[in-house]
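Hi,

Here is the structure I promised to pass on. Have a look at it first, and then read my notes below.

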Amino acid sequence: MKISRFFRKLENKVGKYTIPNIIRYVLVLYLLGAFIGLLPGGYLFYYQYLSLDFNAIFHGQVWRLFTFVITPNLPEASSTGAMDLISLFFFVYLYYLIGTQLEQVWGSFRMNLFIYFGLFFNLLAGLFLFLVTGDSYSIGFSYLFQSMFFAYAMFFPDQKFLLFFLIPIKVKYLAIFDGIFLILQVGLTLLSGSYAAAFAIVLMFANFIIFWLEFREYRGKTFTQKRRKQAFQKAVKRPANAGATRHKCSICGRTELDGDDLEFRYCSKCKGNHEYCRDHLFTHTHIK
């Protein structure tokens with residue numbers, strides 16, 4: 001589709017500037033915001049010099065286009081409790097796992113695009129609100145993290161999280177609940193007459209919408225595996241005899257003729273085109 005072609009062309013031109021494991025740097029900035037929140041007067045300093053204030057930006061403080069992401073997310077040290085710090089730790093750990101797994105599925109370049117698109121649409125939403133209402137709004141990583149969570153649920157819907165550290169629940173159900181609250185938020189915003197704010201909320205999830213359109217057929221596979229499989233199928237023509245197969249596990253030798261429910265994947269860590277059934281995809285020794 002057109003989005004795929006655009007991504008491939010863009011990767012050919014600027015792919016060399018890709019930042020591997022970009023989620024690390026995103027979380028470092030998030031932790032920096034937490035540190036600012038702990039400082040006496042940290043919130044005041046942020047809103048005076050770092051926040052997304054377009055009035056100040058148009059008067060020369062262009063650094064705010066970058067520093068707005070360092071949003072304070074903890075109360076000052078005098079009112080910070082142990083639970084705040086524990087919650088921060090688990091939040092950072094969770095999104096490190098989510099970001100890492102998404103990068104394994106998409107590849108580093110597309111993970112970079114997801115982050116950049118998210119920040120760009122956040123900026124665009126802030127600018128739109130400023131032009132319509134004349135006010136600037138504080139926008140940090142919150143909507144970016146939320147869109148990342150939706151993307152994770154799209155690719156790993158059956159992954160289980162421990163709700164309240166006790167109750168196992170599949171991530172798709174958490175995403176559904178989160179989506180319902182988001183829809184209610186937009187609906188209530190519309191009912192209050194704040195049409196610009198409702199549009200801005202939707203706009204801040206445009207990166208998720210773009211990537212959903214791009215990868216909705218790739219669920220359960222990495223982008224590299226998908227491209228390898230497509231290239232392999234083009235290079236190898238299926239024999240004319242009826243008993244020929246297109247898939248064969250490199251470990252057990254089973255093919256698609258051995259069962260209708262068998263699925264095969266290519267391993268991105270093995271050298272060359274090596275295909276495995278689902279029973280051996282994660283248990284085989286990688287071929288170097």
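Start with Asn-112: a polar atom of its side chain lies 2.9 Å from the backbone nitrogen of Ile-19. This is a predicted model, by the way, so please read every distance here as coming from a prediction. Asn-112 is part of helix H7, and with a relative accessible area of 2% the residue is buried, because the cut-off for that is under 20%.

Helix H7 also brings us to the salt bridges. How many does a search of the whole structure find? The count is 3.

One of them joins Arg-110 and Glu-11, whose side chains meet with N and O 2.9 Å apart. This pair links distant parts of the chain: Arg-110 sits in helix H7 (residues 108-133), Glu-11 sits in helix H1 (residues 2-14), and 99 residues separate them. Are the two partners buried or exposed? Arg-110 has 2% relative accessibility and counts as buried, while Glu-11, at 27%, is partly exposed.

Next, go to Asp-158, which forms a salt bridge with Lys-170; there the closest N and O atoms are 3.6 Å apart. Asp-158 is in the loop between helix H8 (142-155) and strand E1 (160-163), and Lys-170 is in strand E2 (residues 167-170), so this pair ties together parts that lie 12 residues apart in sequence. Asp-158 is partly exposed, at 46% relative accessibility, and Lys-170 is partly exposed too, with a relative accessible area of 27%.

Asp-158 also meets the side chain of Lys-172 in a salt bridge, at 3.3 Å from N to O. Lys-172 belongs to helix H9 (residues 171-191) and Asp-158 to the loop between H8 and E1, so here the parts tied together are 14 residues apart in sequence. Lys-172 has 28% relative accessibility, which counts as partly exposed. Taken as a group, Asp-158, Lys-170 and Lys-172 form a linked network of salt bridges.

Now for the surface. Which residues gather in a patch of positive charge? They are Arg-5, Arg-8, Lys-9 and Lys-13.

Met-83 is located in helix H6 (residues 82-106) and is exposed, with a relative accessible area of 57%.

One last stop is Ile-23, in helix H2 (residues 23-38). Ile-23 has 0% relative accessibility and so counts as buried.

- the network made by Asp-158, Lys-170 and Lys-172.

Over to you, and happy browsing!

Definitions and conventions
Residues numbered from 1 in each chain as written. Predicted model: local features only at pLDDT ≥ 70, side-chain atom pairs only at ≥ 80, totals over all residues. Heavy atoms only, no water. Salt bridge = Lys/Arg side-chain N within 4 Å of Asp/Glu carboxyl O. Helix = DSSP H or I, 4+ residues; strand = E, 2+ residues; numbered from the N terminus. Buried < 20%, exposed > 50% of the residue type's maximum accessible area, 1.4 Å probe, protein only. Patch = residues over 30% accessible without salt bridge, like charges linked within 9 Å, V, L, I, M, F, W, Y side chains within 5 Å. Areas by Shrake-Rupley, 256 points an atom, 1.4 Å probe, with all protein chains shown as cover. Lys, Arg positive; Asp, Glu negative; His and termini not counted. Charge placed at Lys NZ, Arg CZ, Asp CG, Glu CD. Polar contact = N/O pair within 3.5 Å; in protein donor to acceptor, adjacent residues only side chain to side chain.
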